[in-house]
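User: I'd like to learn how to read a protein model feature by feature. Could you take me through one?

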Amino acid sequence: RSEDSQQTAWLRQKHSLHSKRQCGNALMSLLSIQQWEHSFFCEILGVCPVEEAKAGLSTGIGMGGGGRKGLVHLPQLEKELREAHEQKKEQASSDATLLLTSDYLDTALMERLNLPFDEDDGSNAFGYLVKCYRRILDYASKQPLVPVEVTAGETKRGGNVGRGSVSNETQSAAHVHLPKGAEESLVGLKKTIISYSGLVLAPTDMLEEKQQASCVTNACAILSESSGSSEALPSGFLKAVVQELDPETVKEAFTPIVNSVIANPRTLTLTNCLRPLMCLQNMTAVPELALVVAQHAQFNPKTAKDGMQLQMTMLLGPYLALTTNGKDPRFSNAHQRSQAVTEIRMRVATLQATISNTLFNMLKAGPKVQEAVLDWIANILRLNLERRKMQFDPVKVSSLGFFVNMGAVMVTLSMPYILSKKDRISTVNPRFLLGKSRVDYNLCTRLHTTTLDLKQLALRLEEEQEDRDYDVDKDEEDNEEDEETAGDSADAHHQQQQEEKAGEKEGG
């Protein structure tokens with residue numbers, strides 16, 4: 001009897017939820033596009049053109065029930081809406097007719113971004129816009145944006161057909177009748193939020209200097225989160241923001257974020273180094289931002305005179321120099337020594353992996369960024385030539401920890417070639433550095449070689465590199481053609497075998 005009563009209670013609860021969902025869908029199907037936009041925009045943006053008690057429409061309709069509390073009143077928007085009614089010589093019958101539609105979306109956002117924010121709203125304009133974007137994704141994941149037809153054994157959404165069993169509950173939830181134009185309104189809201197997210201980071205007149213600085217700080221904090229974190233930026237958000245801005249604005253908006261990564265070597269430790277490096281890794285995953293990093297004055301400073309100056313002034317220098325200093329008190333305790341060594345090894349490995357991922361992102365970001373990374377490597381080697389000597393001045397060369405980490409990073413970057421199943425040795429040119437004139441020949445030992453001979457050598461090596469690149473590209477094209485030809489031959493042979501078997505069956 002106890003089990004029966006529990007099952008009966010569960011069925012009643014399920015029926016109640018089912019009825020509420022049907023009721024919500026029915027209400028949504030009765031709304032006009034203007035009413036739906038008002039309800040949806042107020043819910044996503046957390047605003048209302050009139051005081052919430054006079055709103056007239058339930059803000060829970062747009063999100064399928066259970067609306068947010070504490071919507072922010074926008075008096076300037078309310079005034080503009082009332083003036084629009086007066087110009088049309090229409091008397092607003094009630095405050096419920098003052099609707100926030102697509103035509104007033106920019107007005108609402110501009111006013112909201114200049115009002116105070118609390119912690120629930122993201123603390124600043126950028127955090128607020130990111131939260132609004134997350135609400136849209138949450139809404140889209142809970143119910144379809146367009147009507148869905150459910151038939152036996154398959155579901156259809158926007159023309160895409162996916163097979164599989166569909167329960168009765170799924171079928172009822174799938175029939176959400178939105179007003180015509182609702183999907184376009186949602187896409188428009190997403191684009192508007194993305195556009196303003198870039199503008200609040202750029203030094204414009206839209207926000208006060210203090211507010212804009214707060215947005216940059218918040219963006220750094222969010223970009224420092226790993227991709228699996230709930231606090232990280234939604235997938236594709238950063239790339240979409242960059243695509244909405246012109247290249248010059250992108251540089252102005254994100255250079256301050258790169259500046260925040262510049263670390264003081266005296267305060268940087270293996271404990272606090274990962275978050276700024278994660279910020280760089282997430283930024284360089286977008287090619288346009290990888291170019292911003294590569295063009296930053298401190299990515300590869302040309303003013304450094306020796307290896308130690310380069311290490312101290314370079315963007316990644318203090319991070320590459322991190323290593324154990326042997327002063328950990330756990331080293332002197334026999335019971336804690338093993339744990340300390342294991343922990344430090346893990347931290348160093350994570351440090352090296354994050355730097356490797358950042359550089360790997362940059363190498364995939366296009367020819368300009370690739371060239372910048374290669375110049376960065378060449379500059380490190382050139383300013384540390386003193387390390388070839390048996391006795392060198394440690395004040396003029398990069399530290400041992402720097403080169404230990406740099407070596408690990410270089411090995412990691414070469415792993416795709418080492419572990420590749422294809423033979424890629426032909427794509428490696430051992431004289432690449434010479435051909436690109438990255439070596440200062442004046443520092444090399446010469447045997448009866450003039451300066452003119454060296455220039456001719458460099459020119460010849462560059463020509464050889466161009467010919468080599470052409471041959472490699474040609475070989476890759478020939479291999480692709482051979483694979484296609486082999487595939488066609490195999491298909492023809494298989495078809496011939498099938499025809500022969502069919503002929504034998506008919507003959508039998």
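Predicted model: local features only at pLDDT ≥ 70, side-chain atom pairs only at ≥ 80, totals over all residues.

User: Fine. How many helices and strands does the protein chain have?

Analyst: Helices (H or I, at least four residues) and strands (E, at least two) are DSSP runs, numbered from the N terminus. Here the protein chain has 19 helices and five strands.

User: And what share of the residues counts as buried?

Analyst: Buried means under 20% relative accessible area, exposed over 50%, and partly exposed in between (1.4 Å probe, protein chains only). Of the 508 residues, 38% count as buried. As for surface, accessible areas come from the Shrake-Rupley method with a 1.4 Å probe, and for residues only the protein chains shown count as cover. The protein chain's accessible surface comes to about 30600 Å², with 51% of that belonging to carbon and sulfur atoms.

User: What do the contacts in the protein chain look like?

Analyst: A contact means heavy atoms within 4.5 Å. Take the contacts with a separation of 6 or more: residues 24 or more positions apart account for 70% of them.

User: On to charges. How many salt bridges are there?

Analyst: The rule is a side-chain nitrogen of Lys or Arg within 4 Å of a carboxyl oxygen of Asp or Glu. That gives five salt bridges. One of them pairs E343 with R330, their closest N and O atoms being 2.9 Å apart. This pair links distant parts of the chain: E343 sits in helix α15 (residues 334–363), while R330 is in the loop between α14 (317–320) and α15, 13 residues apart. E343 is partly exposed at 28% relative accessibility, whereas R330 is buried at 18%.

User: Which residues are linked with E343 in a network?

Analyst: R330, E343 and R347 are linked in a network of salt bridges. For R347 and E343, the closest N and O atoms are 3.4 Å apart. Those two are four residues apart in helix α15, so about one helical turn separates them. R347 is partly exposed, at 27%.

Another salt bridge joins E386 and K389, with the closest N and O atoms 3.0 Å apart. E386 is partly exposed at 33%, and K389 is partly exposed too, at 45%.

User: Now the inside. Which residues line the largest cavity?

Analyst: On a 1 Å grid over the protein atoms alone, a cavity is a set of points where a 1.4 Å probe fits but cannot get out, and lining residues have an atom within 4 Å of a point. Here the lining is F126, L201, A219, L223, L233, L238, F254 and I257. Helices α8 (209–223) and α10 (247–261) each supply at least two of the lining residues.

User: Last one: where is D118?

Analyst: D118 is in the loop between α4 (105–113) and α5 (125–142). With a relative accessible area of 41%, D118 is partly exposed. D118 and Y128 are ten residues apart in sequence and 9.3 Å apart in space, C-alpha to C-alpha.

Definitions and conventions:
Residues numbered from 1 in each chain as written. Heavy atoms only, no water. 1 Å grid on protein atoms, 1.4 Å probe; cavity = no way out; pocket = protein on both sides within 12 Å on 5 of 7 lines; lining within 4 Å.
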